[in-house]
Amino acid sequence: MVSPKTCGWTSITARWPVTISSRPGCWRLSWKPPRTCCPERLRQEAEGAYRVADERLQLALNAGALLGSFVWDVLPDRLSGDERFARTLGLSMDDVEQGLPIATVTEIIHPDDLARVSRLIARTLEAGGSYNVEFRVRRPDASYLWVLASGRCELDAQGQPLRFPGVIIDIHVRKIAEESLLKLTHNLEQRVAAEVQARSAAEDQLRQSQKLEAIGGLTGAWPMTSIICCR
């Protein structure tokens, strides 16, 4: 049996909170870093955040929703991507590997979405940080596909944009469902408004009829002698 002292554990336990437990023929060492170890805690938090991001990425991959990844090197203005990115956007794989100007890639964005996307890109380049925007892209068959572009702009020490990595995710089914729901809601609202207007018109007509009936009742109730005298 090996003694913990012969392994140098005595000097370790004097500096770190180490627990030594034993049973016949077996020694076990459990070590817990001190709570005051800030760099270690930051490392663990960073690893935790990475695991969460990786899990989300794996979920997107498993669901078949991830349409590709890209990296935009801002200063030379070269945007490169993987094979799925090129295939989704109908771009040449050779061009995507070498890098394309951002203006070439944004040409496939739906005209109704381009101004909004451009404003958000400019804002992210200025402030840095995360970037998430939904828009439509033109497919090789001239149809449009709803996607979510999610990324992050990295700035240098002077606050200038350097890199802009990200991914594009397929959200077409969700957006089509949202549009159908909005259209259905709009149609229902129009029907309700028409029903309210028709009911209001019917009530107005009823009130007018009731007034005419009331006037007619009063006229018929006058004695004939009164009418003759009035002449």
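This is a predicted model: local features need pLDDT of at least 70, side-chain atom pairs count only at pLDDT 80 or more; totals for chains, interfaces and linings use all residues.
1. Aspartate 77 counts as partly exposed, because its relative accessibility is 26%, a value that lies between the 20% limit for buried and the 50% limit for exposed residues. This residue is found in the loop between S3 and S4, and although aspartate 77 is not a glycine, its phi is positive, at about 55°.

2. Alanine 142 has its place in the loop between S5 and S6, within a hairpin that has five residues between the strands. With a relative accessibility of 52%, alanine 142 counts as exposed, because the limit for that class is set at over 50%.

3. On confidence, the mean pLDDT of the protein is 76, and 65% of its residues reach 70 or more. Over residues 1-22 the pLDDT is below 50, yet this stretch has 35 contacts in the model beyond near neighbours in sequence. Residues 224-229 also have a pLDDT below 50, and for them the model holds one contact beyond near neighbours in sequence.

4. As for the overall make-up, the secondary structure of the protein comes to eight helices and seven strands. Of the 231 residues, 24% count as buried, and among the contacts between residues at least 6 apart in sequence, 38% join residues at least 24 apart.

5. Five strands form an open sheet, in the order S4-S3-S7-S6-S5, and their pairing is antiparallel. The edges are taken by strand S4 (78-81) and by S5, each of which pairs on one side only, while the twist from one strand to the next averages 25°. Helix H6 packs on this sheet, where H6 touches S3, S5, S6 and S7, and the direction of the helix makes about 160° with that of S5.

6. Two of the strand pairings can be described in more detail. S3 and S4 pair in the antiparallel sense over four bridges, and serine 80 in S4 is the bridge partner of valine 71. S5 and S6, which also run antiparallel, are joined by ten bridges, and in this part of the sheet arginine 136 stands opposite tryptophan 146 of S6.

7. Which residues of the largest nonpolar core touch the most other members? That core has 29 residues, and those with the most contacts to other members are Trp72, Phe85, Leu89, Tyr131, Phe135 and Phe164. At least two residues of the core come from each of strand S3 (66-73), helix H3 (83-89), helix H5 (102-106), helix H6 (111-127), strand S5 (129-138), strand S6 (144-155) and strand S7 (161-170).

8. A search of the whole structure finds three aromatic pairs. One of them is formed by phenylalanine 70 and phenylalanine 85, a tilted pair with 5.9 Å centre to centre and 40° between the planes. Because phenylalanine 70 lies in strand S3 and phenylalanine 85 in helix H3, the pair ties together parts that are 15 residues apart in sequence. Both phenylalanine 70 and phenylalanine 85 are buried.

9. Is lysine 175 buried or exposed? Lysine 175 counts as buried, because its relative accessibility is 14%, which is under the 20% limit. This lysine lies in helix H7 (residues 172-221), and, its neighbours within four places in sequence left aside, lysine 175 is in contact with Glu134 and Trp146. Trp146 is the residue of S6 that stands opposite arginine 136.

Definitions and conventions
Residues are numbered from 1 along each chain as its sequence is written. Side-chain values use heavy atoms; hydrogens and water are left out. A nonpolar core is a set of buried Ala, Val, Leu, Ile, Met, Phe, Trp, Tyr and Cys residues joined through side-chain atoms within 4.5 Å. Buried means under 20% relative accessible area, exposed over 50%, partly exposed in between (1.4 Å probe, protein chains only). Two strands pair if DSSP finds at least two bridges between them. Axes are lines fitted to C-alpha atoms, for helices over the stretch in contact, and angles run from 0 to 180 degrees between N-to-C directions. Contact means heavy atoms within 4.5 Å. pLDDT is the predictor's confidence in each residue, from 0 to 100. Rings of Phe, Tyr and Trp (its six-membered ring) pair if their centres lie within 6.5 Å; planes under 30 degrees apart count as stacked, over 60 as edge-to-face and the rest as tilted.
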